[in-house]
Amino acid sequence: MPKQFRQLAGRPVLTWAIEALLADARIDGVTAVIAAEDRADHDRAIDALDDGRSVRVRAPVVGGETRQHSVFAGLQSLRSRAPDIVLIHDGARPRPGTRLVARVVEAVGPTTGAVPAIAVTDTLNRGSDGHLGEPVARDGLYRIQTPQGFPFAALFHAFESVGPDGLADFTDDAGIAAASGLDVQLVAGEERNMKITGSGDLEKAARIVAPNHLPHIGQGFDVHRFGPGDHVTLCGVAIAHPNGLMGHSDADVGLHALTDAILGALADGDIGQHFPPSDERWKGAASSLFLDDAVRRVAARGGRIAHVDVTLICERPKIGPHREAMRLRLAELLGIGIGRIGIKATTTEGLGFTGRGEGIAAQAVATLMLAESDELDHG
Ligand code: MG
């Protein structure tokens, strides 16, 4: 999934970015430039905004083959509105601060653009073949961020005069603006205005957008009895077996224990309360439905799932050969990386009901990051 649509503290990255821009009342509209196939993800990101904010979001524009072509498509969509100032922002930067946005807006003039920049302080070196090479003087070197602000008319003119064929020669919008004679000022950037490139960045960004999130740990336990059948479903993976597991749904003990662990961390009841076995609707249901619901409850609380760990307890089937398939399936269902998902298995040395092969038990632990104030809201 493109990084601007990944979940960050319970909402897509793009939602955070648009919200940050709209926090400045002078910005009267935001248009996302997206790939055509990302329309559904875009719409979900907009749905996650407060209603008061989403009224200022315009229909998205389909971008082009390069970043510059995409920016040009966005500018063309604004032509009839002819705004005074246009800000161009990278949707993978979730949290430009209010003051940063204001600095950019205020530095833009009729023939002046503004870009946020941070002076490079680390020692720089042009390494060669993995060895230290020539030092590079860092004087006057800056890391350039977004949003970048421009007078709309002048920037549009600059893009038009470069033309679609010339756009690929430029690496950024400021370069196109500068080539057309616009003066581009540097304003102070912010370290917290980070760009999400790898999945480790999501973690760092979560501490920026939701610094008051604390870990909440929940545990779940479930048992299902063996009965007639030719397979069992464990953690969403069907495994051939001389018996099936009996239950109202597909009897996936792993998913049931995990769903209860998540609900426990939310202090939001249990699976039986939300999906009563007496309700015919859940007869034979795929248990992923229950887990989906728990994941939605986490998102609705602005939380995120930091980690889950499931232990399956049985003599048979052997879990090891299916472990990676289970982790992949849970990564998909939970919307988190596979590195945050533990699947373990144990026998009970022939003791007890699992030892006698009467059924399968599962235990699960889930760690959620929830806003501190959330406890007060739901106490
Ligand atoms: Mg169950």
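A residue is called buried when its relative accessible area is under 20%, exposed when it is over 50%, and partly exposed in between (1.4 Å probe, protein chains only). Helices (H or I, at least four residues) and strands (E, at least two) are DSSP runs, numbered from the N terminus. All views show a predicted model, in which local features need pLDDT of at least 70 and side-chain atom pairs count only at pLDDT 80 or more, whereas totals for chains, interfaces and linings use all residues. Residues are numbered from 1 along each chain as its sequence is written, and side-chain values use heavy atoms, with hydrogens and water left out.

Figure 1. Helix H4 (residues 67–77) is mostly covered, with eight of its 11 residues buried. The buried residues of H4 are Gln 68, His 69, Ser 70, Val 71, Phe 72, Ala 73, Gly 74 and Leu 75.

Figure 2. Rings of Phe, Tyr and Trp (its six-membered ring) pair if their centres lie within 6.5 Å; planes under 30 degrees apart count as stacked, over 60 as edge-to-face and the rest as tilted. By this rule the model has five aromatic pairs. In the pair of Phe 275 and Trp 282, the ring centres are 4.8 Å apart and the planes stand at 80°, so the arrangement is edge-to-face. Phe 275 is buried at 12% relative accessibility, and Trp 282 is buried with a relative accessible area of 14%. Elsewhere, the charged end of Arg 11 sits over the ring of Trp 16, 4.2 Å from its centre. A charge sits over a ring if NZ of Lys or CZ of Arg is within 6 Å of the ring centre and within 35 degrees of the ring normal.

**Figure 3. Thr 15 in helix H1.** Thr 15 lies in helix H1 and counts as buried, at 0% relative accessibility. Leaving aside neighbours within four places in sequence, Thr 15 is in contact with Ala 45, Ala 48 and Leu 49. Thr 15 and Gln 4 are 11 residues apart in sequence, and their C-alpha atoms are 8.6 Å apart.

**Figure 4. The two sides of helix H8.** In helix H8 (residues 200–209), the buried residues are Asp 201, Leu 202, Ala 205, Ala 206 and Val 209. They cover an arc of only 140° around the axis, which places them on the same side of H8; the arc is that of the directions from the helix axis to the C-beta atoms. Gly 200 and Arg 207, on the other side of H8, are exposed. The cover over the buried residues of H8 includes strand E1 (7–8), helix H1 (13–22) and strand E16 (304–313).

Figure 5. Strand E7 (residues 124–128) runs antiparallel to E8 and is joined to it by four bridges. Two strands pair if DSSP finds at least two bridges between them. Asn 125 has Pro 135 in E8 as its bridge partner. Two residues lie between the strands of this hairpin, in which Asp 129 takes a positive phi near 50°. Of the six residues of strand E8 (residues 131–136), the number buried is zero, so E8 lies largely in the open.

**Figure 6. The magnesium site.** Asp 222 (OD), His 224 (NE2) and His 256 (ND1) coordinate the magnesium ion at 2.2 to 2.3 Å. Donors are N, O and S atoms within 2.8 Å of the metal (3.2 Å for Na, K and Ca); water is not among the atoms, so sites may look incomplete. The sequence spacing of the donor residues is D-x1-H-x31-H. Asp 222 in strand E12 (residues 213–227) and His 256 in helix H9 (residues 253–266) are 34 residues apart, and the pair links distant parts of the chain. Both Asp 222 and His 256 are buried.

How values were computed. Contact = heavy atoms within 4.5 Å.
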